[in-house]
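Please read these notes with the model open.

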Amino acid sequence: KNVLNNIQHNIFANNKQLAVLIDPEKIRLSDVEAFVKKINKSVANYIFVGGSTVPVDLTEPLVVEINKHTNLPVILFPGDVAQITNKANALLFISLLSGRNPAYLIGKHVEAIPRLKETTLEIIPTGYLLIENEGVQTMVQKVTETEPMPSKQVENIVNTALAGELLGMRLIYLEAGSGAKNPVSPEIIKAVRDDLSIPLIVGGGIKSKAQMNAAFEAGANIVVIGTALEKNEDFFRELKRW
Ligand code: 1GP
């Protein structure tokens with residue numbers, strides 16, 4: 001159980017940390033080996049697995065297959081309880097703090113307990129904030145029936161992240177939504193980073209090395225990239241370790 005320690009160690013050492021997100025619905029098992037080999041050759045530190053609308057039995061076989069081809073920690077980033085499997089290393093136990101839907105603030109967590117009582121997963125309480133993206137509705141918004149936070153309300157975003165920290169959450173995740181047109185702005189990342197003491201994850205809509213670096217420079221400790229790496233071979237090459 002050392003994913004959170006590892007994250008903190010990397011922050012202490014000033015290392016930027018990249019997570020590649022694999023959505024079980026968007027990859028065939030037969031393509032996993034080739035994709036994971038590309039991840040192995042990149043600067044990625046973690047593999048996140050999850051999606052908003054994953055059918056019940058896709059996650060576990062995917063994690064088993066990923067583990068065959070990498071030593072990177074696999075971290076569940078679940079859209080629902082059914083995506084929890086002990087085959088991963090850790091679980092982001094997410095509360096959707098930007099919304100006011102009790103199911104995603106506490107309901108799903110209670111529902112998950114029978115699966116977590118004897119789990120070997122490292123459970124990492126994570127405050128999750130969905131930030132509005134030019135009025136475009138994201139899948140998270142649709143599935144959770146919550147409103148994202150207006151990107152102009154920077155103070156409210158910062159206060160929400162801090163409330164998560166004071167509630168005992170160990171990570172804060174600023175999310176623009178998978179495939180978002182624009183990532184969370186550096187201004188918002190910086191404002192949150194300035195006041196927050198716990199690690200900050202930023203994801204959604206990051207499609208270039210420049211956008212990734214802008215997020216790191218603004219204070220993101222972990223950047224998550226999914227869609228752009230599914231689609232763009234060149235982007236993978238830019239993130240090569242050697
Ligand atoms: C989505 O933050 C992640 O939940 C990653 O988003 O697919 O847009 O990279 P992308």
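The points below go through these topics in turn.

1. The model is predicted: local features need pLDDT of at least 70, side-chain atom pairs count only at pLDDT 80 or more, and totals for chains, interfaces and linings use all residues. Residues are numbered from 1 along each chain as its sequence is written.

2. Helix 2 (residues 29–41) and helix 3 (residues 59–69) pack at about 40°, with axes 9 Å apart. The two helices are therefore oblique to each other (angles under 35 degrees count as roughly parallel, over 145 as roughly antiparallel, 65 to 115 as roughly perpendicular and the rest as oblique). Their crossing is right-handed.

3. From helix 2, Leu29, Val32, Glu33, Val36 and Lys37 meet Pro61, Leu62, Glu65, Ile66 and His69 of helix 3 (contact: C-beta atoms, placed from the backbone, within 7 Å). By class, this contact has six nonpolar, one polar and three charged residues.

4. Around the ligand are 14 residues, and the closest are Ser178, Gly203, Gly204, Gly226 and Thr227 (C-beta atom, placed from the backbone, within 6 Å). Strand 8 (222–225) and helix 9 (227–231) each supply at least two residues of this shell. The shell has six nonpolar, seven polar and one charged residues.

5. Asparagine 14, in the loop between helix 1 (3–12) and strand 1 (17–22), has a positive phi near 65°. It counts as exposed because it has 6 C-beta neighbours inside 10 Å (buried: 20 or more other C-beta atoms within 10 Å; exposed: 12 or fewer; partly exposed: in between).

6. Glutamate 134 lies in the loop between strand 5 (122–130) and helix 5 (139–144). Its phi is positive, about 45°, although it is not a glycine. Glutamate 134 is exposed, with 9 other C-beta atoms within 10 Å.

Terms used. Axes fitted to C-alpha atoms, helices over the stretch in contact; angles between N-to-C directions. Helix = DSSP H or I, 4+ residues; strand = E, 2+ residues; numbered from the N terminus. Left-handed = near helix turned anticlockwise from the far one by under 90°. Contact = placed C-beta atoms within 7 Å. Nonpolar A, V, L, I, M, F, W, Y, C, P; charged D, E, K, R; others polar.
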